[in-house]
Every structure is written in structure tokens, then in C-alpha cells.
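Please open the structure in the viewer and keep the sequence beside it.

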Amino acid sequence: MRPEKIWQDFQRIRRVWPEAELSDSFRHIRINKFPLPRQFNYNSTPLLIKMDLDSDYTQPEAYVDRQLRIWDSYGWKKSRHLDETLTPYEFLQKD
């Protein structure tokens with residue numbers, strides 16, 4: 001994805017989340033307090049969006065707090081829809 005396109009999309013994100021951060025490499029967008037619905041064990045989570053600068057056709061990847069759980073009829077479970085592989089280093093990275 002082209003950096004100009006990422007910059008335009010980032011400006012739209014900042015209208016909703018003014019504290020959002022874009023890495024110097026244009027590969028990561030971080031939102032520190034992304035709000036969550038009531039069925040999650042937190043009110044919000046840090047969210048990292050990782051873009052592929054080499055392809056306009058690759059979907060961005062999203063990463064959340066490893067402790068994020070969703071409630072179902074059997075109790076707290078890991079969400080099948082959110083990747084929890086994010087490491088603390090990646091959250092802090094400002095490349």
C-alpha cells in the first residue's frame with residue numbers, strides 16, 4: 001500500500017481517535033484505547049494495525065491485548081476473530 005494512501009486513511013482514523021499514532025515507516029497504526037462492546041472483559045484495548053507496504057491487495061493485520069477475552073454461555077474465551085500474537089515490543093515500536 002502506498003504511503004500517501006496510508007496517510008489519507010490515517011487522517012480519517014484521527015478524526016475518530018485523535019490519539020492514534022502512525023509509525024515513521026507507515027507500517028503501523030496504534031490506537032491506545034479502542035472501545036469494545038460489553039461482552040469483552042475490558043472496556044477498551046490497545047489496537048495495532050499493521051499494513052503491508054508491498055501490496056495494495058493484502059489486508060491489514062490487527063493485534064490486540066493478549067488478555068482480551070469474550071463472554072459466551074460457557075464463560076470467558078479467547079476471541080476467534082482477533083489475533084493475540086502481538087508482543088509488547090511491537091506495541092511500542094516507532095519504526
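Colour the chain by secondary structure and follow it along the sequence: the pattern is α-β-β-β-β-β-β-α. This comes to 2 helices and 6 strands, where helices (H or I, at least four residues) and strands (E, at least two) are DSSP runs numbered from the N terminus. The model is predicted, so local features need pLDDT of at least 70 and side-chain atom pairs count only at pLDDT 80 or more, while totals for chains, interfaces and linings use all residues. Residues are numbered from 1 along each chain as its sequence is written, and side-chain values use heavy atoms, with hydrogens and water left out.

**The whole chain**

Display the surface next. The accessible surface of the chain is about 6800 Å², and carbon and sulfur atoms contribute 53% of this area; such areas come from the Shrake-Rupley method with a 1.4 Å probe, and for residues only the protein chains shown count as cover. Of the 95 residues, 31% count as buried. Buried means under 20% relative accessible area, exposed means over 50%, and partly exposed lies in between (1.4 Å probe, protein chains only).

Two strands pair if DSSP finds at least two bridges between them. Strands of a sheet pair through backbone hydrogen bonds, either parallel or antiparallel.

Now select residues 28-35 and 44-50, which are strand 2 and strand 3; 6 bridges join them in the antiparallel sense. Which residue in strand 3 is the bridge partner of Ile 29? Ile 49 takes that place. Ile 29 is also the bridge partner, in strand 2, of Leu 22. Strand 1 and strand 2 run antiparallel and are joined by 2 bridges. The two strands form a hairpin with 5 residues between them, and Phe 26 in the turn has a positive phi of about 70 degrees.

Select Trp 7, which is found in helix 1 (residues 3-16). Leaving aside neighbours within four places in sequence, Trp 7 is in contact (heavy atoms within 4.5 Å) with Leu 22 and Phe 26. Trp 7 and Leu 22 are 15 residues apart in sequence, and their C-alpha atoms are 8.5 Å apart. Is Trp 7 buried or partly exposed? Trp 7 counts as partly exposed because its relative accessibility is 43%.

**Aromatic pairs**

Show the aromatic side chains. The structure holds 3 aromatic pairs. Rings of Phe, Tyr and Trp (its six-membered ring) pair if their centres lie within 6.5 Å; planes under 30 degrees apart count as stacked, over 60 as edge-to-face and the rest as tilted. Trp 7 and Phe 10 form a tilted pair, 5.8 Å centre to centre with 45 degrees between the planes. Both lie in helix 1, 3 residues apart, about one turn of the helix. Phe 10 counts as buried, at 3% relative accessibility.

Finally, select Trp 71 and Trp 76. Their ring centres are 5.2 Å apart and their planes lie at 75 degrees, so the pair is edge-to-face. Trp 76 counts as partly exposed, at 44% relative accessibility.
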